[in-house]
Amino acid sequence: MSVLVDADTRVVVQGITGGEGRFHTEQMLDYGTNVVAGAVPGKGGQEVDGVPVYDTVSRAVREEDADASVVFVPPAFAGDALFEALDAGVDLVVAITEGIPTQDMSRVYRRLGETDTYLIGPNCPGIITPGEAKLGILPGNIFSPGNVGLISRSGTLTYQIVDNLTKRGIGQSTAVGIGGDPIIGTDFIAALELFEADPATDAIVMCGEIGGEDEEEAAAYIGEQMETPVAGFIAGRTAPPGKRMGHAGAIVSGSGTGTAQSKIDALEAAGVPVGDTPEEVADSVESLL
Amino acid sequence: MRLHEYQAKRLFAKAGIPTPESAVARTVDEAVELADEIGYPVAIKAQVHVGGRGKAGGIELVDDAAEAREAAESILGMDLKGYRVEEVLVEEAVEFTDELYVGVTMDRNAGRPVAMVSTRGGVNIEEVAAEEPEAIAREHVDPAFGMFDFQARKAVSDAGIDREVASDVASVLTTLYDLWEEHDGADAEINPLMVADQAVVAADAVFNVDGDALFRQPDLAELEDETAGDELEAKANEYGFDYVRLEGNVGIIGNGAGLVMTTLDLVDHYGGEPANFLDVGGGAKADRIANALDMVFSDENVDAVVFNIFGGITRGDEVARGINQALGQFETIPKPVIVRLAGTNAEEGMEILDTSLVQVEETLEAAVQAAVAAAEEVTA
């Protein structure tokens with residue numbers, strides 16, 4: 001068992017003929033991901049690494065039974081690509097693209113609410129079920145199969161935490177990078193719900209960062225509704241207010257919301273141990289298991 | 001991306017929002033001439049990307065030509081929180097009975113836009129927002145439809161705006177929302193929206209454009225003023241790095257926002273003080289790595305550098321070559337550099353690294369501790 005993706009997930013890659021799309025399709029195939037199609041307007045009939053390319057996502061779904069999409073489409077066209085994926089009715093859309101205009105994402109988010117599709121991202125590294133499939137750009141070799149679920153707003157921080165876990169022999173059920181943008185599809189609570197329902201996940205690591213109130217809301221959810229133990233980490237304790245720390249969403253607003261401390265306090269109040277360092281997070285996970 | 005007040009006012013005025021008569025001056029003579037034309041009293045306002053201009057002496061109200069000259073002389077060329085004032089807005093001073101607030105922004109938690117109105121406009125609106133959030137009426141907008149007229153009326157009514165100006169304020173809010181939507185606004189604000197003689201006028205104007213949408217807002221992109229308050233931040237813009245200068249002495253370079261933030265936090269955790277946030281981004285090649293080192297070396301506050309790369313799409317061997325290349329140019333390394341590579345091609349990278357130039361550590365924690373110790377040694 002796992003969350004959202006496994007060896008049977010049938011993947012269509014939107015933007016498969018671009019540099020990033022091509023490179024990561026090869027990487028996904030190497031990892032064992034079942035990439036069954038690509039979709040690029042005007043490129044139907046071509047092949048990439050033996051994967052057939054279609055002009056539209058709906059045709060890829062019809063011809064190859066794709067049930068998940070990974071989006072490598074450039075930001076100016078990504079909003080449209082996401083609408084197309086939702087229209088085609090896939091169960092899961094993973095949006096890797098960074099820099100999608102916020103108003104486009106607001107419209108996508110609104111449409112998303114009318115569907116049963118899960119959207120991961122945008123501006124995320126993707127999702128991986130170790131040993132089965134990865135959808136996105138995560139480096140497969142650092143992950144190992146196991147029983148710890150991981151949810152993170154940041155790509156490389158995910159790798160760091162996974163590395164700390166893997167080095168102690170703690171494997172992962174599924175790891176989800178939910179993305180660093182202000183508006184994302186699957187937030188912490190939605191991801192936590194999925195892991196809570198997954199019998200293969202015995203503990204969860206949640207890596208948040210400054211900005212927004214997602215972590216605080218997730219803390220309330222954990223305290224009230226979850227049985228699976230959660231360990232936390234929050235990046236950005238030293239970030240000054242009003243400065244954007246790389247991610248569009250990582251900013252402590254002038255009025256003082258979105259600080260690391262408010263997130264740490266909320267998580268600790270919900271019984272979630274929050275590590276000061278990635279090593280301490282691994283310590284917590286070990287003791288929770 | 002922020003527009004200057006005068007640029008935002010032009011945008012608002014063109015769309016029909018009442019604004020005071022005003023013009024931009026770059027010299028003292030020009031400012032006095034414009035003030036004479038507009039008629040006293042006038043306000044002379046510094047046009048720089050700095051909050052709290054008034055309190056910092058960047059706005060003056062003057063009653064005659066002599067005062068206008070004096071004010072323009074003091075404001076033009078002044079240093080306002082690190083920014084040099086090159087332009088002033090000369091503007092008709094508006095007499096008012098009330099100061100209102102109207103604004104439009106994206107509510108990230110709701111995933112949709114929100115329009116706001118308050119009777120508590122003026123300099124303290126942020127305090128009002130923090131302490132009495134109920135004093136600001138908020139109306140969420142469905143992005144598929146845009147703002148309905150009734151929503152503007154509802155927000156104005158909920159805010160308790162006087163009947164005499166209610167329809168004017170609603171109309172300003174509707175126009176502001178439409179501008180925000182059409183021009184990919186991040187934040188659009190009028191604070192204060194002054195009430196005088198049963199009419200409203202926008203005495204200040206804020207319009208921030210979503211930087212990710214500039215590709216489709218060419219007219220606004222042209223207005224971008226890249227003047228940064230800090231020399232190093234200007235250099236970072238040039239190199240295309242996400243960079244924030246801080247006050248400590250441990251320089252930090254890494255890849256990925258979350259991991260770089262974590263590296264900063266660890267420096268703090270182990271008793272050091274971070275000098276900067278610098279994210280080289282994904283897939284950085286050797287020359288980009290060299291540029292990053294150049295940036296951090298040119299910060300005179302930096303006493304030691306920690307270089308933390310976890311390769312996903314970034315390759316450890318590329319990073320190692322970049323570090324060797326950058327450091328090979330020096331006869332003596334200006335500041336101690338501690339490197340930690342992990343992930344894709346990290347082992348190859350470690351072998352390539354010239355250990356006569358850098359100290360190599362295997363874990364993030366060890367690398368940060370070594371950098372903090374090295375920085376302490378320099379200051380001691």
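This is a predicted model: local features need pLDDT of at least 70, side-chain atom pairs count only at pLDDT 80 or more; totals for chains, interfaces and linings use all residues.
1. Residues are numbered from 1 along each chain as its sequence is written, with chains lettered from A and ligands numbered from 1 in the order in which they are written.

2. Chain A has nine helices and 13 strands, where helices (H or I, at least four residues) and strands (E, at least two) are DSSP runs numbered from the N terminus. The radius of gyration of chain A, taken over C-alpha atoms, is 18 Å, close to the 19 Å that the globule rule gives for 289 residues, so chain A is as compact as a globular protein of that length; the rule is 2.2 Å times the number of residues to the power 0.38. Buried residues make up 59% of chain A, a residue being buried if 20 or more other C-beta atoms lie within 10 Å of its own, exposed if 12 or fewer, and partly exposed in between, with C-beta atoms placed from the backbone.

3. An automatic or database domain assignment divides chain A into domain 1 (1-123) and domain 2 (139-289). Their contact takes 16 residues from domain 1 of chain A and 19 residues from domain 2 of chain A, two residues being in contact if their C-beta atoms, placed from the backbone, lie within 7 Å. On the domain 1 side, the largest share, five residues, comes from α4(A).

4. The contact between the chains takes 47 residues from chain B and 50 residues from chain A. On the side of chain B that touches chain A, α9(B) gives the most, with eleven residues.

5. Most residues other than glycine have a negative phi, and most peptide bonds are trans. In chain A, a cis peptide bond with omega of about 10° joins G121(A) and P122(A), and P122(A) is found in the loop between β7 and β8 (126-129) of chain A. N123(A) has its place in the loop between β7 and β8 of chain A, and has a positive phi, near 55°; N123(A) is buried, with 27 other C-beta atoms within 10 Å.

6. In chain B, the peptide bond from Y40(B) to P41(B) is cis, with omega near 0°. Q198(B) has a positive phi near 55° and is exposed, with 10 other C-beta atoms within 10 Å.
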